[in-house]
Amino acid sequence: MINLNINDQFVSVPAGTTVLAAAQKLKINIPTLCNHPDLCVAGNCRVCVVEQKGARTLMAACATPVSEGMDIHTNTLKVRNARKHIVELLLSEHRSDCTKCYKNQKCELQALANEFAFGDTIFLDLVENHPYTIDKSSASFTKDDSKCIRCQRCVRTCAQLQFISAIAVANKGSHQKISSFHDRPMSHVVCTNCGQCVNRCPTGALVEKTCIDQVWDAIYDPDKHVVVQTAPAVRVALGEDLGYDPGERVTGKMVTALRQVGFDSVLDTDFSADLTIMEEGTELLTRLKKALVDGDKKTKIPMFTSCSPGWIKFIEHKYPEFLANLSTCKSPQQMFGALAKTYYAKKRNLDPSKIVSVSVMPCTAKKFEADRPEMRASGYKDIDYVITTRELAVMIKQAGIDFRVLKPSQYDSIMGDSTGAAVIFGATGGVMEAALRTAYEIVTGREVPFINLNITPVRGMDGVKEASIKIEGCTDDWKFLEGVELKVAIAHGLVNANKIMSMVRKGKAPYHFVEVMACPGGCIGGGGQPIPTSMEIRENRMKAIYSEDEHMVLRKSHENPDVMAIYKDFLGKPNSHKAHELLHTHYVERDSY
Amino acid sequence: MKNKGLSKVDLIFEKVNPKEVLVKAFKMTNEEIIQQVLESGLKGRGGAGFPTGLKWKYTAAEKDPEKYIVCNADEGEPGTFKDREILDRVSYKMYGGMAIAGKAIGAKQGVVYLRGEYKFLLPQLMKELATFHKIIDEIGYNFRVRYCLGSGAYICGEESALFESIQGDRGEPRNKPPYPTSSGLFYKPTSINNVETLVTVMMIIQHGAEVYNQLGTKDSRGSKVFSVSGDTPTPGIFELELGMTVQNFVTEFGDGDTKAVQVGGASGFCVPRKKFTDTIIGFEGVPTGGSMKLFNSSRSMYNVLHNYLDFFAEESCGQCTPCRIGCQQLLKGVEKVKKGEVKSTYLNELVKLADTMKIASKCGLGQSVGNAFKTIVENFREEIIY
């Protein structure tokens, strides 16, 4: 243990602790900006400078490990002056159109300015006469260099969490900026649209491309029937933007709010998540038969899940030779979209051209996914608008709804039923668990051999999880799987996906089925979720997801009555011709830079 | 303090038999070598002036079997060109110094990080290197030196940015601690020394610490190679004993009309005429990596300052706030003052900013921008304003 004093208070912490963490232990607040709990230390914004008695220079609290006998002061005149200067400097290269900015009142620089730099501006405005780019090319987000303060959180996120480095630091000195390969627009680089950078940007330099106004326009258009679907992970995070602590389940309130906002029908992506399990589970079993029994060389194992559009774009860029391993199933969002303008329209006797399909997602990549040319199976754009959890919170506030006093209500019918299996799609390992619950039962006629259906080995925050389940007592149709030990793996965060993919590339991955989610923690940690995020926040959301599952009456996808109905009335059986037309897709190879 | 006056020395470029010196060094224990260097009082010749013996001692104390000796030949300080001359004439002494350092700290590998613009020296340097490798093999010590070329960034002369550059990453300074002695090149214990420092080590081993110790002052032992430029009838490379005043220097090299000397390049200090006699060139006064630029009364100190700030605004790595934006603010600020677009008192705000940069920047670059700025603004304020 290392002993030191901070502001004349004694503290003892393990070696390697930073001065910042030691101060936090004493409940001494040191402002930070480039620091983020998910990322490696940068120490470049210098907002957290503190004074060590006797030292020539100040030190960055976030980047300095404690040493024995340190005498740190966090609030001396020297420190205050330096912090004020630093915040003023940052403001001088930041285009402060705060009142118009999407991040107004959610901006970390603005908060620091409030604290340290109110009153007269000291320095010259460097934004004017300095060329900058506002890149709106991405379907998912806008990159506005004039608001960038070069903290490099985005760069570290893209490299460290996602192993992509679509953005990196370019140039030096006054020309330094965060840029892409050859300064290409974000739509033309390896960016997966995951939005993890957006989630960590302290200012308005990276924000999701919002379509709030378009959704309002549709809602107020009397000719349009606007349906909305909500992804599993939204219900456990939306509350954070509306005054609740992380991990609060607000499903019922959210449904009421959506109705009050004015959506004509409030439906659930969980429905199509259950449908995904039926399609994907059947596809897996078919693949296993073709590969293991028929010896079909064209059938690729392991099969990868295809729910996460960030992951899809990652594999399209980085491992295109394994596109055939991807499940052909569309993501739940897109399955829902294709059915909204076909099955739902038919059932409700609506003209599909008059239906506007909106989805609320924890994700920015979903915006890109909805724009993919493959996603027009209904004859129309299957999903018209995708809004993030954050955008929904904005809409609820715009509508003047007091979220806390809302009475919970139920989703509408036809495509509103769901099971616990669908809810857990929102957490890493959830798709795997849902698939196993159904596939095991299809094959053996019995429930998965785990207490209370909780397949705990696939749960949790480990970056790569492995599990195996021995299939015994198969029904006659599935005898070829008797005694097979089904090996599965789960990765979340693309840096972990890359670990599995490099094993696959080397031929050293023994798996049959692999679940990958692009974002840390799965969708609960998605790029469109409330800011901030951290391991602790993601864990709270994850707990909420599993508790939502436990509170459901139905917990297996194949028991979803709406799903049973759609197969009976419309699709026939899983992987049928019609299902293939509407619910399956294909992928494209993309550049690796 | 007694003024030593100016005396020219010829030790750095003195011809020696490298093998003889190395054989002598390799008969010593590692502790003896480090002790010799410590006793010599040698401080790093790149400009920062960290005691070389101490650096070696720390690196030697590290347990890691993989260590590096890195020679910083990224001579980029404006007005410095002494390493180029040393590399051109006595590179074998630098190799020798690296081998001695390597032995002392326990490094089997040496890397010379050569300024990109000095690529033309490489054929000759490689020829000398082959000879050196032969000598070191004859002595029976397992040690190899390789080259890495810079790409033109001033910041890569900063030790940790230099490591990043060798590693193939963007040349940006690291957070310290950890220091290179425990985590340097490839995050291994590393001693990084300037070309001249390593050459000086050869000379210390050859003549002994006590001989070297007789030169210079208590705080600035030995002699040093100076790069003399600007308004002088005799520009060039001169090896001088440390401890002289700026006045001694100007008497020797000035053109009779010297109004200021910039000691230590763009990151160094501007000494005005009125302070020539009280300012010692060395660690007790104004330290220098070798750059000595003389300005006569025909020069506008505004232009000098503008030139330096322009340089820093360009050459800051851009990573940390005080340096990236601070340099731009200082530059734009003096421009506005000059044009009369802001009040001349704005200079006071800029001086405060320079103070912040000095204590809050991440590395030596940002921390030293204020040196030239403050000394020029304080001494030539009227030239900045009018």
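**Close-up views of a two-chain predicted model**

View 1. Chain B splits into domain 1 (18–213) and domain 2 (301–381), with bounds that come from an automatic or database domain assignment. This is a predicted model, in which local features need pLDDT of at least 70, side-chain atom pairs count only at pLDDT 80 or more, and totals for chains, interfaces and linings use all residues. Residues are numbered from 1 along each chain as its sequence is written, while chains are lettered from A and ligands numbered from 1 in the order in which they are written. Taken over C-alpha atoms, the centres of domain 1 and domain 2 of chain B sit 32 Å apart. Nine residues from domain 1 of chain B and eight residues from domain 2 of chain B make the contact; two residues count as in contact if their C-beta atoms, placed from the backbone, lie within 7 Å. On the domain 1 side of chain B, the touching residues come as six nonpolar, one polar and two charged. Here Ala, Val, Leu, Ile, Met, Phe, Trp, Tyr, Cys and Pro count as nonpolar, Asp, Glu, Lys and Arg as charged, and the others, Gly among them, as polar.

**View 2. Chain B meets chain A.** Here 31 residues of chain B are in contact with 30 residues of chain A. On the chain B side, the elements giving two or more residues are α10 (301–315), α11 (321–339) and α12 (346–360) of chain B. Helices (H or I, at least four residues) and strands (E, at least two) are DSSP runs, numbered from the N terminus. The largest share of that side, eleven residues, belongs to α11(B). Sorted by class, the chain B side has twelve nonpolar, eleven polar and eight charged residues.

**View 3. Two helices crossing in chain A.** Helix α8 (residues 269–293) and helix α10 (residues 332–348) of chain A pack at about 105 degrees, their axes 8 Å apart. Axes are lines fitted to C-alpha atoms, for helices over the stretch in contact, and angles run from 0 to 180 degrees between N-to-C directions. So α8(A) and α10(A) are roughly perpendicular to each other, a label for angles of 65 to 115 degrees; those under 35 count as roughly parallel, over 145 as roughly antiparallel and the rest as oblique. Among the residues that meet are Phe271(A) and Leu275(A) from α8(A), and Met335(A) and Phe336(A) from α10(A). This contact has six nonpolar, four polar and no charged residues.

**View 4. Helix α3 of chain B, tucked in.** Seven of the ten residues of α3 (residues 52–61) of chain B are buried, so this helix is largely enclosed by the rest of the structure. A residue is buried if 20 or more other C-beta atoms lie within 10 Å of its own, exposed if 12 or fewer, and partly exposed in between, with C-beta atoms placed from the backbone. Among the buried ones in α3(B) are Lys55(B), Trp56(B) and Lys57(B). They pack against α2 (30–40), α4, β4 (190–194) and α7 (195–207) of chain B.

View 5. In α12 (residues 389–398) of chain A, seven of the ten residues are buried, so the helix is largely enclosed by the rest of the structure. Arg390(A) and Glu391(A) are among those buried residues. Their cover includes β10 (206–208), α6 (212–220), α7 (251–261), β14 (355–361) and β15 (385–388) of chain A. Just past α12(A), Gly400(A) has a positive phi of about 70 degrees.

View 6. The peptide bond from Ile301(A) to Pro302(A) is cis, with omega near 0 degrees; Pro302(A) sits in the loop between α8 and β13 (303–304) of chain A. Lys27(A) is not a glycine, but has a positive phi of about 60 degrees. Lys27(A) counts as exposed, with 7 C-beta neighbours inside 10 Å.
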